[in-house]
Amino acid sequence: MIRAVLVINNHGKARLVKFYEVIAFEKQQRAIAECYSLISKRSDDVCNFLEGGSIWGKETKLIYRHYATLYFVFIVDESESELGILDLIQVFVESLDKCFENVCELDLIFHSDKVSYILDEIIMGGLVLETNKEEIMQAIEEENKLEIASRKESLTVTKIKR
Amino acid sequence: MVRDCKTAEEERKVVTTECAAIRTALKEQNQYRAKNVAKLIYIHMLGYPTQFGQMECVTLITSSKYPEKRIGYLALMILLDENQEVLPLTEHTLKKDLDDKNQFVQALALTTIANIGSVDICRDLSSEVEKLLITAPSYIRKKAALAAVRIISKCPELIDNYIEKMDTLLSNEQQQRNHAVLITSLCLIIEIVRAKTDDQPTQTQDLNNEDDKKKYVTKRKYVLHFRKYIPILLKLLRGLIMSPYALEHDVGGVSDPFLQVKILRLLRVLGKGSTKASEAMNDVLVQVATNTDSPKNAGNAVLYECVKIIMDIESEKGLRVLGINQLSKFLGSRDHNLRYVALQMLAKVAHKDFHDVNRHQKTIIECLKDADLSIRKRALDLIIVLVNQDNCKSLVGELMTYLQSSSNEDSFKEQLTTKMCTLIETYAPDKEWKIDTLLKLIITSGQYVREEIATVFIGLITQSKELQSRITKKLFHTLKKISSNQSVILKQGVLLQVGVWCIGEYADLALDGSEPDEEPISQEQIVDLLFELMSNIPRESINGKHSTTSSDDSDSSNSKWSTSHDISRAFLLMALVKLCSHISDSNSVERIKTFLDQNRNVMELEFQQRCCEYYVLLNDLEEEKRRKILDRMPPIEIQHIVNSLANSGNNSNQPSSSVKSPKSPTTTLPIQKPKTSLEQLISIDEEDQPVITAPSGNNSMSILESFFDSDVTDVLPSNPISLPVNNKSSGNTFGEMSLLDGLLSPALGPVVMPVSTPPVSFSAPNQNGPRKVPLLNKNGITIRMDCKVLDAVNNPQLLNAIIYFSNSNSYEISNIDFMMSVPKNYINLQMFKSSDSKVPANSDGKVTQKLKLTNLQHGVKPISFKFKFQYKDESSQQIVVEEGKIVL
């Protein structure tokens, strides 16, 4: 089970927060803060795994990758393969990259909804849904098309009304 | 949506304004609803409350416009969880959307179920999900499978509905084309097979419970059911390894590692515990292990999962060796992640494949020097598993070197120190090495050593006469080096306590045999040292009363420190007094007496009390009695402390005293309901036993108590010295030491406190035969208890006892009922039925009752108990009740 997915920037600001289990709102914020304090201390040449800290317990691991200004942190229990999750993070980031063409932190801020949609195509209910980037992209593109189409439609409707 | 605020304050302002604006906007229905909700998602992520937006999400998902629906669902999943009150309102919409013509709308509903579906929603919408699982396009099927995982984890009773679907999938190759559908379906199967694992009856549960049995059987049923698909899974796996290069599933040169890992994981669950199933997998696993070769992470992920399954199922020896070799390859890799997983895995299998793992000892020790804390922790865990009696010296030596050289990382060092203590205790090949190593550990990292270690160490020294002199000298020199540096002393509480204690006990030995290359220690030097230390430890403030009950110590480090300072000062005072009987230098003795005299009116109640008492002890008591009181301690039993240390060794953050927290007693007498520890403290007080105080604080203090308890009571007369002290001061730090006042004040002399029977006295324990303890002699009824320690070496805590009931009257007594109650926090009582319910007339010890007493604080506190004896007098037909209290 993936218990949570967090994207945090180098200064500890959350850029994407997704919890796959019920966690009280205040605790979520604490989890983000603790996660950042644990990970930001680590240099880039150490391993990508950490024990869960006080919020998650010993059996849970924080698995993260650091890309430029962002930390991508997946919080997983012992049933997931640590190395497999690293690959999954890679899949997620590559998908973002394709979607936004050279993704940067600003994309995540201004299109936080789109980022969530992409994540929803990869992980659902804490389990891996799709790992094939082509499939992910295809789904996202079609959904976006549908959205644009329906927007145009509603625009024309309002025009006609006028 | 601009959030370029420079300060948190600014940000908060903007968010509040925006929230207000959104709130108003939500009230008016307008076309910006979607945008407003999107803003809410962002505000939520920043950590501000957004409950007011929940209703809006529910409205948005009912919208017929896809963009609104889409953002509505997204917000729903982020702003709500399964427990929110508004969630049931969405059920109708979810159902409608599951039947929608548009697959993307269906997908939204499925995602919502998988992410936040509550029990009710899961149950009600299960049939819709089932339909989608087989007939829909793969885009929907994969999502339906994961929604199904949520459904069966919320409603296990629905599992059977999904098994059939999985059968179809596994037996039909057409259905297996899409890898994502496969991965998610495998997830579903794993969940089905695993679902009951959590409910598997554990040992504590009643196995006869019909429900549990049924659950256990069901769980097995699912495993057995899916075992028949092992060949198909293996074929899939083999197909993946052998498949030609396929771009769409390729990750780092490996064909869909995610699917491979998933299949391996399911196989692991299915193969566990079955030799036959494991055998079937053997060949393919070898293939995976040998054919997967990748410098990249993806290949290693597959290899790692492969090793995991090899170690978990009933693999052949050869395969296991292959697995461990693979791990050792990881261990030698430059990739930190690989080293990490290798160490973690090795620690798990070390107990089973000890020798294979042990061959890599050197590499593992290297990992202890890694720059990465995560890896060091793993390496430490692994080394701990590897230590045994043969390699203890070298491995602990390695750990010691590491401890001395490593930079300051407090939490890790603390863990390391605690674990080292346990290792030294458990595996030390000889006593001398044990003491020396412990001492070294205390000197090197005293600030991390837990207080129990002081007790263990002191106990060990009392048991090893030949080392006392040498160790005391070493401690003297060590303390002398740091005595002027206040900050060091305050950190090294344990070293200080141990050192001061040894000097107090064995100062004369340290004076005697000076070796040629050492400079001899003089009596003045010793006294100087103690006084210097005393002056360097800050006093407790007058108001600073600290409760010594276990929980408080951990609350604030401040209180912990100051408490431990008090204990250190108590140690110093005691050592000074003890010195008086060990040294001949009259100047020094005078100096100590003057110090006590001066402190008799110090503004610190407990310290003052001690000074008063010791002053009286030194000045007014007869020489012979004083000598006996201040005599050397007898060897102290420490086994139970060691045991409790080993039990709690993993949890170094526990407050020290919690180790001694009450264990649940196995008393067969259901007299009292279970008490909380606080109640237990009080109940002890109620028993009026001045010597046995609360089970808290520092153990060595309790040792002093029991020392006095056994030696002083018969020496001291009821000397009428009135002291202005409060007997019930056990809430205070020094309270544990407050036994002298109990002994010196007239009211509380004898240790045996009879309630209704006359004082009981008995002879010293006889080493060979059972010790006979009279419990009652009244109205012709005599009760005697013969107790014996069966195994004084290995298990001195356990006392076996037989109670003999005698009746010298000419009539019999019937309906006898003998009950006992013990201080539950340190004594376990197991009582058997009496041999008869009647004691015939003129009988001597014909009726017996057996019992077992385990003293968890053996050597620290004596066994004490209350008893109640109830019988029916056949001559008068009356019920008689006798009570008493015994301290062994």
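Biologist: Is helix α3 of chain B mostly covered or mostly exposed?

Modeller: Bear in mind that this is a predicted model. Helix α3 of chain B, residues 54-61, is mostly covered, with six of its eight residues buried.

Biologist: Which residues in α3(B) are buried?

Modeller: Q54(B), E56(B), C57(B), V58(B), L60(B) and I61(B).

Biologist: Switching to strands. How many bridges join β5 of chain B to β8 of chain B?

Modeller: Nine, and the two strands run antiparallel. β5 covers residues 798-807 and β8 covers residues 843-855. Within that pairing, V847(B) of β8(B) stands opposite F805(B).

Biologist: And how many bridges join β7 of chain B to β8(B)?

Modeller: Six bridges link β8(B) to β7, residues 827-834, again in an antiparallel arrangement. One pair to look at is Q830(B) with its bridge partner K852(B) in β8(B).

Biologist: Now chain A. What is the strand order in the open sheet?

Modeller: The order is β2-β1-β5-β4-β3, five strands with antiparallel pairing. At the edges are β2 (14-19) and β3 (49-51) of chain A, each pairing on one side only. From one strand to the next the twist averages 20°.

Biologist: What packs on that sheet?

Modeller: Helix α5 of chain A, residues 112-122, does, touching β1 and β2 of chain A. The helix direction makes about 40° with that of β2(A).

Biologist: How many bridges join β1 of chain A to β5 of chain A?

Modeller: Seven, between residues 2-9 and residues 70-76, running antiparallel. There, I2(A) stands opposite V76(A) in β5(A).

Definitions and conventions
Residues are numbered from 1 along each chain as its sequence is written. Chains are lettered from A and ligands numbered from 1 in the order in which they are written. This is a predicted model: local features need pLDDT of at least 70, side-chain atom pairs count only at pLDDT 80 or more; totals for chains, interfaces and linings use all residues. Side-chain values use heavy atoms; hydrogens and water are left out. Two strands pair if DSSP finds at least two bridges between them. Helices (H or I, at least four residues) and strands (E, at least two) are DSSP runs, numbered from the N terminus. Buried means under 20% relative accessible area, exposed over 50%, partly exposed in between (1.4 Å probe, protein chains only). Axes are lines fitted to C-alpha atoms, for helices over the stretch in contact, and angles run from 0 to 180 degrees between N-to-C directions. Contact means heavy atoms within 4.5 Å.
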